[in-house]
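Hello,

Here is the structure for your files. Please open it beside this note; the findings follow below.

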Amino acid sequence: MEEEIDLLNEQFSIEGELCFSEKKDGLIFIDVMNKYAEATISLYGGHIIQYKPYDSFDVLWMSPDSNFEVGKAIRGGIPICFPWFGPHASDSLMPAHGFARLLNWEVTKTETTVKGETLITLELNSSEETKKYWPYDFKMELDLCIGSSFKVELRITNTGEKEFSYTSAIHTYFNVSEISNVQIEGLKGATYYSGFGNELLTQESNLIEISKEENRRYVNTESDIILHDSAFNRKIKTSKKGSKVSVVWNPWSETAKAFKDMPDDGYQTFVCIEPANSYDDFIQLAPGENHSTVGVIGLVK
Ligand code: TA6
């Protein structure tokens with residue numbers, strides 16, 4: 001492991017800005033510190049663990065009980081859900097939210113922009129391992145830009161001879177002071193499925209408050225969403241491209257208890273707002289085609 005980290009630092013570290021370290025359970029993390037923020041990314045899962053702008057609190061929530069173990073999902077930060085969002089359509093033995101967050105990604109680029117932002121590209125290519133789950137050839141690239149905002153671009157290319165379809169999500173866990181201090185703005189008029197029901201509802205109010213379990217999948221919306229937190233006295237804007245579905249999720253108390261990697265009261269300090277491709281917004285790629293889903297999160301000054 002040490003040799004691998006030395007090699008990565010030799011090839012990709014940026015002095016005073018980006019380096020690789022070993023997490024206690026043998027996972028490799030990228031630690032970024034630039035003039036805008038601190039961030040941490042796990043090569044396992046291509047998983048963004050932390051994003052903390054210098055002038056604010058952590059933007060992302062991470063469960064204190066999360067696993068950091070190959071084969072188990074990391075709870076919090078930004079899990080990458082691919083090639084299916086949610087449970088597998090037909091095989092309950094398959095991992096929820098696909099396999100991308102359960103495999104090691106490789107680094108292919110690190111760079112500093114003229115504005116002092118840090119760019120990182122991670123890659124996951126189809127392999128014998130992925131074909132145990134999904135019989136297609138693909139390249140997944142995760143382009144990250146860490147600056148006054150955090151841009152996450154998930155680009156999927158069909159590198160095979162067969163057309164395929166997938167669903168995906170950039171499953172962002174936002175850190176909040178307390179769920180009762182939160183209002184979510186920007187989805188007025190959008191239609192959504194609540195829970196796993198199939199009745200389409202319409203978002204009447206401009207502001208959404210959360211006081212029970214919510215698992216809303218807003219379909220046909222490309223709007224920006226603002227997360228207001230009255231106690232942290234901050235607004236976080238999420239904008240997106242290449243996605244027509246936005247998910248708003250909080251498990252509330254009963255469902256939170258069912259998650260072993262989440263404290264029973266963990267639901268009180270996070271809400272998920274996720275750009276997704278699912279339902280009618282699944283992505284179909286012919287050989288050689290690609291699709292990008294972009295999520296940008298940043299503080300509203
Ligand atoms: O995005 C919301 C959701 O699909 C919920 O239904 C819940 O399952 C959540 O994702 C967490 O999923 P996970 O597999 O990470 O436990």
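Two strands pair if DSSP finds at least two bridges between them, and strands themselves are DSSP runs (E, at least two residues), numbered from the N terminus. On that basis, β19 (residues 234-241) and β23 (residues 290-299) pair in the antiparallel sense over 6 bridges. K237 stands opposite G298 in β23.

The model is predicted, so local features need pLDDT of at least 70, side-chain atom pairs count only at pLDDT 80 or more, and totals for chains, interfaces and linings use all residues. Residues are numbered from 1 along each chain as its sequence is written, and side-chain values use heavy atoms, with hydrogens and water left out.

The sheet: it is open, has 9 strands and shows antiparallel pairing. The order is β6-β7-β8-β9-β23-β19-β18-β13-β16. β6 (106-112) and β16 (207-208) stand at the edges with a single partner strand each, so one side of each lacks a neighbour in the sheet.

Polar contacts are pairs of N or O atoms within 3.5 Å. A polar side-chain atom of R75 lies 2.9 Å from a ligand oxygen. For an N or O atom in the side chain of R101, the distance to a ligand oxygen is 2.8 Å. For H97, a side-chain N or O atom is 3.0 Å from an oxygen of the ligand.

Best wishes

Terms used:
Helices (H or I, at least four residues) and strands (E, at least two) are DSSP runs, numbered from the N terminus. A polar contact is a pair of N or O atoms within 3.5 Å; within protein, one must be able to donate a hydrogen and the other to accept it, and residues adjacent in sequence count only if both atoms are side-chain atoms.
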